[in-house]
Amino acid sequence: MDSVKGGSKVEEKEELKAVVLADSFDELFQPLSLNKPRCLLPLCNVPMLEYTLEFLALSGVVEAIIVCKAHADKLVAYIKQSQWARGHPQMKVVVRVVRQATTIGDALRAIDDSSAIMSDFILCTGVVISNMNLARMVSVHVANKKRDPNHIMTVLLQETTPVHRRQDKCDESIYFIEPSSSRLLALNSHALLPKAKSIVIQPHVITDHPEVELRADLTDTNVSICSPDVLALFTENFDYHTMRRDFIHGILESDILGKTIYAHVLAGSSSLPGEHGDSNSWDIGNQLIYGDSFLSVSRGGYAASVTDTAAYDAISRDIIGRWAYPLCPDNGPGDGLVYSYNRGAVYKVPSVRLDRQSRVEHHVILGAESHVSNFTSISDSVLGARCFIGEQSVVRGSYLFNDTRVGQGSLIEQSILGERVTILDNVTIERGCLIGDDVTIGPNVCIPAFTRLARRKLRRKAGSPEIMQDDSDEEEDEDSTWTESAQHNEASPEAPSAEFDGQELFDKQAVGIEGVGYVWSDSPQSVDAAEFGDDFGSDVSDINSSSDGYSDEEDDVALRLRQLHTIGSTIEDITLLESDHEDEHPDDSDTEHDENLAKLSPQEEFERELYLTVKRACEENLSASKSALEIKSLRMSYHRDQDDMRASVVQEIFRTIDLGSISDSTVKVLRKWAPVIKDYISDGHAQLDLMDIIERYCALESDIDGGVRSRLFVRIVYMSYQLDLLEDVAIIAWHNRAHKTGEVDSSLLQALQPVVDGLNESDDSEEDDSEDEEDNSEEDEDSE
């Protein structure tokens, strides 16, 4: 905002706000997230949300808006008792509950409706871990907006090596970046399994730019600087559900919207321009100037997002190993206890009890009042408050939340155990397991690798797509800083429904004769993640089935994808070879309908989707503006050009005309759809093409009887003229050309002849009137 004071112009800096997405809309942390939102799960004994809020406060944010659906009451309660509710000097925290949201897109549309964001803002998830100050990134974003009016977003990317533990283990992303400006030109993101043999990129990405970098060494941090246009675009395009695969990909692929996205890369010093004798660039702080452009590259800093359990493990190790300094246990955020740093990267508080013969080896955090017994070994692990480890037990690479107890002679290998978990004597938990709150296991059992156990039982109900939620009757107070809500289970739109089994018939075979809990089994779900991080992050949902049948190959791929999320997993451990399933065929129980859909070509898929879109618009009586948005989304999804869209859309609209009442139906249909058709009529060439489309439809459509073809043709052309879709010049020019070429059905030309004659007469009369006006003008001048 600019103001004038004392004859000089003073620029007032707008307050920086942040939108924090507390929900992930997936099931990757279940059953750990059944009782609290993922962002409140502890990471190195500090709730993950605390890291995010500290990071935003450090970046100069004055107000953080936390958007949530799952467990909103617990999130509100946490904020109320935290430092952010006690008058934090730097940042105000507001919680907004979006009860009906099922995707990231729904949450952002709700923020847009609230008008809470009116200027550039930071968008991130509630599980971002970073030691950065984004002030420089914001300044580069603003500078790029002044240079490029179409600039709407700057995404923060972290440079990693292919074998780095924070490398995305689920998606493989290739970023096409213009090195001189850091503009993001294209993004190709696909699931890591099965391995893709090729990528598809639009030719203009390469041909329209003198230099393009293809980078597969970047990971998304789920942090971006956005203009308010981002929220508006989500509101206008209801097909945007995720950030990366829907929104970013849609913006980059669209030749209609014309918006641009830039990248800010966190890179090591060895990868920066200007350090290898490049005289055209120089460094200013952490920002590089290259020629006349701003290069959005930072020399250091740490930023990552806990998108899945594998990322949880990797980021925990980074913090314990002090790779994210000053983010480390002895200097952590929040109001927690102060840890002492000891040899071997062992962190503990004075209340920890270590028996004389216990072994705490290296890279370990010991929470308050935790107790490690004699002859017990702990390494690369985190113990929460009041944890007890019995004699002769081993804990390696694992994370134990508060009040967990482990009996004698047990082994816990690369797993996560929730709060109040009890492990009895002689229990082995193999790597990759997730144990939910209040589960008891043992004695004398072995939990296989990648098993999930929960205190409540998972049940599927026909026709129920979500985990059951306890809706509250309380009114939501949107104007207050703190918004109360009933508990919502963290669930994606495709999540299976669940309920507690009152009979308490536990899975004794899995949890042991004294065990309490159930196997939290899940069956294949779509590999398309609905998370910010899927889209704007790096995860794939735990597979949820919405189709009727699966081949053995699909089940195997689903299992391997799920396992990739689990701590301790590596790509080498779970490799899907093409030869594994060369001779396997889908199950014979697949329906014929599914088989036919699988055989559709891209063109046939597009035509089917367009047919369903137009049909739904007619059945639900949708407005032309809403229909136009859906059709534009189809165009971006299937990479159709203007001419292809014109032919396909117009013919599909014509098919809705009732041939039993041609006159009235044509008027009704064209008046409804004229605004949509106009989007594809830009010049005289397009009008001539529209005439060709009308002629082909009336002459070749099999459903039209020969006796009505001519009448339908004339009626469509006349109404298109009346609605300004066609000009008289285009109709006359097309008619003359058709006469010369002889390629058009003569009956159609004869039927159109009276219309053409009328247009010619109208032109002649207008010319005569014009000449009369000129003659009268000349006579008036002579008389003067």
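Residues are classed by relative accessible area: buried means under 20%, exposed over 50%, and partly exposed in between, with a 1.4 Å probe and protein chains only. This tour concerns a predicted model, in which local features need pLDDT of at least 70 and side-chain atom pairs count only at pLDDT 80 or more, while totals for chains, interfaces and linings use all residues. Residues are numbered from 1 along each chain as its sequence is written, and side-chain values use heavy atoms, with hydrogens and water left out.

**The whole chain**

Begin with the entire protein in a cartoon view. The protein contains 20 helices and 41 strands; these are DSSP runs numbered from the N terminus, helices being H or I with at least four residues and strands being E with at least two. Of its 784 residues, 52% count as buried. Among contacts (heavy atoms within 4.5 Å) between residues at least 6 apart in sequence, 61% join residues at least 24 apart.

**Two cis peptide bonds**

Select Q30 and P31 next. The peptide bond from Q30 to P31 is cis, with omega near 5°, and P31 sits in the loop between β3 (17–21) and β4 (42–43). Then move to Y325 and P326, where the peptide bond is also cis, with omega near 10°. P326 belongs to the loop between α8 (309–320) and β21 (340–342).

**Two positive phi angles**

Select A345, in the loop between β21 and β22 (346–348). A345 is not a glycine, yet its phi is positive, at about 55°. This alanine is buried, with a relative accessible area of 8%. Continue to E369, in the loop between β25 (364–366) and β26 (371–372). Phi of E369 is likewise positive, near 60°, in a residue other than glycine. At 52% relative accessibility, E369 counts as exposed.

**Salt bridges**

Display the charged side chains. The structure holds 23 salt bridges, each defined as a side-chain nitrogen of Lys or Arg within 4 Å of a carboxyl oxygen of Asp or Glu.

Select E361 and R359 to see one of them: the closest N and O atoms are 2.9 Å apart. E361 is partly exposed, at a relative accessible area of 30%.

Proceed to R616 and E630, whose side chains form a salt bridge of 2.5 Å, N to O. The pair links distant parts of the chain, 14 residues apart: R616 lies in helix α13 (residues 602–619) and E630 in helix α14 (residues 624–638). R616 is partly exposed at 31%, and E630 is partly exposed at 22%.

Next, select R737 and D692, a salt bridge with its closest N and O atoms 3.0 Å apart. R737 is in helix α19 (residues 728–741) and D692 in helix α17 (residues 684–700), so this pair ties together parts that are 45 residues apart in sequence. Both ends are partly exposed: R737 at 37% relative accessibility and D692 at 21%. Then select K36, E419, R420 and D438, which salt bridges with shared partners join into one network.

**Cysteines**

Finish with the cysteines. With a disulfide taken as a pair of cysteine sulfur atoms within 2.5 Å, the count comes to 0. C68 is in no disulfide, and the nearest cysteine sulfur, that of C39, is 7.9 Å away. C68 is buried, at 1% relative accessibility, whereas C618 is partly exposed, at 36%.
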